[in-house]
Amino acid sequence: MSPTAGEVLGAGARLAAEAARFAALGWMRGTSGNLSEVVSRDPLRLAVTASGLDKGELSAADLAVVGPAGDPVEVEGIAPLRPSAEAGLHARVAALTGAGAVVHVHTLSAVVAGAHWPGGVRLRDLETLKGIGRGAHDDEVLVPVIPNSQDMAELGDRFEAAYDPGVPAVIVASHGLYAWGDDLLRARHVTECVDWLLAYRIATR
Ligand SMILES: [Zn+2]
């Protein structure tokens, strides 16, 4: 069933609060980055933060609703705003991983790590790995790195080719990080832990 305006605005309020939090961390500079929440699974519909707005100052209505290809979808009672082109990758992530929420931020750690390790960032024997659902000991994790593209279909194909179901994040080289979880809170925690893990790896290389 298609989502109602109430469901979409509820998601919008959560996205705005979450975006303000990430903006305060300096992870959504300018108008960069975007967050999304799945508001319907069949057909797939995502509420995603609107393009071109300061992510520290969003209101509940500052969102777009998109379908599986990131194309805008009309919902009665919702003023249609322009989705970011990156909404297409949010939808691919949600479709492939089953995630309920996706975070995309331009963290410095992701871009630096992607430059150092274009084949993927290896992590092991760190307590914080538990924060992304992995073991603190003897569990090697490879965070995939994919080349950047302005073509979301191409970027989506690269993501699918690199996707490891055991790793809830991907680095887009020279660009930023995508991370996801069952809901926004989980996606936030994964994002925070991945940022810490990448910063640690860079600091100790
Ligand atoms: Zn971006």
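Biologist: Where is the place of Pro43?
Modeller: Pro43 sits in the loop between E1 and E2. Strands here are DSSP runs of E with at least two residues, and helices are runs of H or I with at least four, numbered from the N terminus. This is a predicted model: local features need pLDDT of at least 70, side-chain atom pairs count only at pLDDT 80 or more, and totals for chains, interfaces and linings use all residues. Residues are numbered from 1 along each chain as its sequence is written.

Biologist: What is the omega of the peptide bond from Asp42 to Pro43?
Modeller: Omega is near 5°, and the bond from Asp42 to Pro43 is cis. Most peptide bonds are trans.

Biologist: What is the phi of Asp125?
Modeller: About 55°, a positive value on a residue that is not a glycine. Asp125 lies in the loop between strand E5 (121–123) and strand E6 (141–143).

Biologist: Why are H3 and H5 called oblique?
Modeller: The axes of H3 (residues 108–116) and H5 (residues 184–203) cross at roughly 50° and come within 9 Å. Under 35 degrees counts as roughly parallel, over 145 as roughly antiparallel, 65 to 115 as roughly perpendicular, and the rest as oblique. H3 and H5 are therefore oblique to each other. Their crossing is left-handed (the near helix is turned anticlockwise from the far one by less than a right angle; clockwise is right-handed).

Biologist: Which residues of H3 and H5 make the contact?
Modeller: H3 gives Ser109, Ala110, Val112, Ala113 and His116, while H5 gives Asp195, Leu198, Ala199, Arg201 and Ile202. Contact needs C-beta atoms, placed from the backbone, within 7 Å. The contact of H3 with H5 divides into six nonpolar, two polar and two charged residues.

Biologist: What makes H2 roughly parallel to H4?
Modeller: H2 (residues 87–97) and H4 (residues 152–162) pack at about 30°, with axes 9 Å apart. That angle makes H2 roughly parallel to H4. Their crossing is right-handed.

Biologist: Which residues in H2 and H4 meet?
Modeller: Gly88, Leu89, Arg92, Val93 and Leu96 of H2 meet Met152, Leu155, Gly156, Phe159 and Glu160 of H4.

Biologist: What is the order of the seven strands in the open sheet?
Modeller: E3-E2-E1-E4-E9-E8-E7, with mixed pairing. A pair needs at least two DSSP bridges.

Biologist: How do you know which are the edge strands?
Modeller: Strand E3 (63–66) and strand E7 (145–146) each pair on one side only. E3 pairs with E2 (residues 44–49) in the antiparallel sense over four bridges. Leu46 has Val66 of E3 as its bridge partner.

Biologist: Which strands does H5 lie across?
Modeller: H5 lies across E1 (34–41), E4 (101–105), E8 (169–172) and E9 (176–181), and runs at about 140° to E9.

Biologist: Which feature does UniProt place at residues 13–202?
Modeller: The unreviewed UniProt entry gives "domain: Class II aldolase/adducin N-terminal". Over residues 13–202 the chain is 33% helix and 22% strand. The end C-alpha atoms are 35 Å apart.

How values were computed:
Axes fitted to C-alpha atoms, helices over the stretch in contact; angles between N-to-C directions. Contact = placed C-beta atoms within 7 Å. Nonpolar A, V, L, I, M, F, W, Y, C, P; charged D, E, K, R; others polar. UniProt positions renumbered as here; feature names shortened; annotations may be inferred.
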